[in-house]
Every structure is written in structure tokens, then in C-alpha cells.
Amino acid sequence: MEDDAFKKWAAAYGRFRQEGRALAYPSETLVRLFKGDYIPDMTRDLSGKSVLEVGVGNGNNAVFLASLGLDVCGTEVQQEICDSTSSLFDELGCQGNFQVGVNRDLPFEDSQFDFLVSWNVLHYEDNEADIEAGIREYARVMKPGGRLFLSTTGPEHKILENSESLGPHRYRIGRDDDFRKGQVFFYFDDADSLSFFFGKVFKDVMVGRVHDRLFTATFDCLIVTAVKP
Ligand SMILES: C[S@@+](CC[C@H](N)C(=O)[O-])C[C@H]1O[C@@H](n2cnc3c(N)ncnc32)[C@H](O)[C@@H]1O
């Protein structure tokens, strides 16, 4: 089942590229979090520091992270996606290391990264135990004192339209126009539940929210930053 979902992602990225719909810009929120003044004690000196982006997709955020002088590693669920993101990095003259990996099993050693970015990726786990395993795996590969940046679906996000609630935090995607229709995701629903789950493993957990209504679609994301103890 998971394998099918992963193949669908590889096919979707191929389609997006062919149709010229591949995201070509980083998340504005991520740019603001790295460059702006929103987080007490956020380091300004990034050179020589390392970042892992889990679920790096077509590299739209990773190119920005490389532009900050960070050493960039990324994971994706299929080799094909890693290869295509590596090619983009080569074309742009950026350095990056992209490997197959998933939330609960990252192909890196303990305590390796100064930053970990997970941008709309953790909620692909479909139950509480797997969510907790994913959060622990993120912490495992981060250095003590390393900072996590995470985005996940908020309660008004368009992906939840026509979804079926399967009990606490679990939803079956119901949008006819989405290739993920039928898959079950775990959504945290509110800031308190994010603080609860991340507070078990991380310290200094802060939760924010970004809500955009772009004429025909609502994007509602809950944002977390936290530090590995
Ligand atoms: C909504 S996309 C976000 C991509 C990228 N982070 C961005 O912001 O553009 C979700 C990504 O998560 C990846 N993914 C799906 N299931 C995953 C899992 N179990 N573990 C890690 N990544 C997963 C998908 O292949 C996809 O690239």
C-alpha cells in the first residue's frame, strides 16, 4: 500500500514537470523563518552548517537552503525523485546529497544535522504510533541543539475538503481531483496536539499558523519549530 503511494508520488512529479506545474519557488514561510527575526536564539551564522530536508520533492525548498550556504541532504520515497532533484541541483551548480528515505527510516547516522526541515511530509504517516516513530527518527539524526522546522496541514486546508474522519486525527482523503484520494493521513488538528506530540521528544516547541486564501483555494498550515535537547 505504502509502495503504491510512493510510486504515485514519483509519477506525479513526472507529470508536474511535463505540464510545467513543478513548484519553482520555496515556501515563503520557510524563507521568512530562516531569514527573518521570528525565533529567539535563531542562529544567523549558517555557513558550514548542515540541513536535512525530509520529503524534499522537486527541490524547491532545498535550492533555497543551499543558497544560504547550508550543506544540503534530502530524502525522497523513490530513487527516481532523488535523481531528478539531483539533476536540478547539478544544472544550478548547487551541491546536494539526495537519498531514498522515509519519515520513520532516514538513511543517516545519529546526531548529524544542525537543521531538519519537514515541509508537509510528516502527516503521510497514517496513525499515532507511526507519527511518534517519525518524530523520534527526526530527532535521532539531529545534533543536540539542532533546530527542527516543520509544516503540516491545518484544519481549513483544501486537502481536507470531502475527507472522511476516521477518528482522532485520522482522515481519508476524498478530493476527486487529487491523486492521493483514498489515502489515510494523520492531521494534528490544532496547535495543542502538535505541542503535545513534539514536546515528548523536543524542547522549546513553538507552533505557528499560516493561512492563505488564494481565490479558489485555502492553504492552512500549522508550523512547528523546536530544538533537539
Ligand atoms: C506535499 S509534498 C512536499 C514536498 C516538499 N517538502 C515541498 O514542500 O515542496 C510531500 C512529499 O512527501 C513525500 N512523502 C510521502 N510519504 C512520505 C513518507 N512516508 N516519508 C517521507 N516522505 C514522504 C512525497 O514523496 C512528497 O515529495
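1. Let's start with a term you will need below: a residue is called buried when its relative accessible area is under 20%, and exposed when that value is over 50%, with partly exposed in between. With that in mind, look at two phenylalanines: Phe 115 is buried, and Phe 149 is buried too. Please remember while reading that this is a predicted model.

2. How do the rings of Phe 115 and Phe 149 pair: stacked or edge-to-face? They are stacked, with 6.3 Å from centre to centre and 15° between the planes. This pair joins distant parts of the chain, since Phe 115 belongs to strand β4 (residues 113-119) and Phe 149 to strand β5 (residues 142-153), 34 residues apart.

3. Now widen the view to aromatic rings in general. Across the whole structure, a search finds 19 aromatic pairs. One of them is formed by Trp 9 and Phe 179, and here the arrangement is edge-to-face, at 4.9 Å centre to centre with 90° between the planes. These two residues also come from distant parts of the chain: Trp 9 sits in helix α1 (residues 2-18), while Phe 179 lies in the loop between β7 (170-172) and β8 (184-186), 170 residues apart.

4. Are Trp 9 and Phe 179 buried or partly exposed? Trp 9 has a relative accessibility of 16%, so it counts as buried. Phe 179 has a relative accessible area of 22%, so it is partly exposed.

5. Next, some helix packing. The axes of helix α2 (residues 28-35) and α3 come within 10 Å and cross at roughly 20°. Because of that angle, α2 counts as roughly parallel to α3. The crossing of α2 past α3 is right-handed. On the α2 side, the contact is made by Leu 30, Val 31, Phe 34 and Lys 35, and on the α3 side by Asn 61, Phe 64 and Leu 65. Sorted by class, this contact has five nonpolar residues, one polar and one charged.

6. Helix α3 (residues 60-67) also meets helix α4 (residues 79-92), where the axes come within 11 Å and cross at roughly 40°. Why is α3 called oblique to α4? Angles under 35 degrees count as roughly parallel and 65 to 115 as roughly perpendicular, so a crossing of roughly 40° makes this pair oblique. Here α3 passes α4 in a right-handed crossing. Ala 62, Val 63 and Ala 66 of α3 make the contact with Leu 88, Phe 89 and Leu 92 of α4. The residues of this contact are six nonpolar, with no polar and no charged ones.

7. Which residues does Ile 135 touch, leaving aside neighbours within four places in sequence? They are Leu 122, Phe 197, Phe 198, Val 201 and Phe 202. Ile 135 is found in helix α5 (residues 128-141) and is buried, with a relative accessible area of 1%. Although Ile 135 and Phe 202 are 67 residues apart along the chain, their C-alpha atoms are separated by 8.9 Å.

8. Finally, take a look at Thr 153, which is placed in strand β5. Its relative accessibility is 5%, so Thr 153 counts as buried. Not counting residues up to four places away in sequence, Thr 153 touches Asn 120, His 123, Ile 159, Leu 160, Tyr 187, Asp 220 and Leu 222.

Conventions
Residues are numbered from 1 along each chain as its sequence is written. This is a predicted model: local features need pLDDT of at least 70, side-chain atom pairs count only at pLDDT 80 or more; totals for chains, interfaces and linings use all residues. Side-chain values use heavy atoms; hydrogens and water are left out. Axes are lines fitted to C-alpha atoms, for helices over the stretch in contact, and angles run from 0 to 180 degrees between N-to-C directions. Helices (H or I, at least four residues) and strands (E, at least two) are DSSP runs, numbered from the N terminus. Angles under 35 degrees count as roughly parallel, over 145 as roughly antiparallel, 65 to 115 as roughly perpendicular and the rest as oblique. A crossing is left-handed if the near helix is turned anticlockwise from the far one by less than a right angle, and right-handed if clockwise. Contact means heavy atoms within 4.5 Å. Ala, Val, Leu, Ile, Met, Phe, Trp, Tyr, Cys and Pro count as nonpolar, Asp, Glu, Lys and Arg as charged, and the others, Gly among them, as polar. Rings of Phe, Tyr and Trp (its six-membered ring) pair if their centres lie within 6.5 Å; planes under 30 degrees apart count as stacked, over 60 as edge-to-face and the rest as tilted. Buried means under 20% relative accessible area, exposed over 50%, partly exposed in between (1.4 Å probe, protein chains only).
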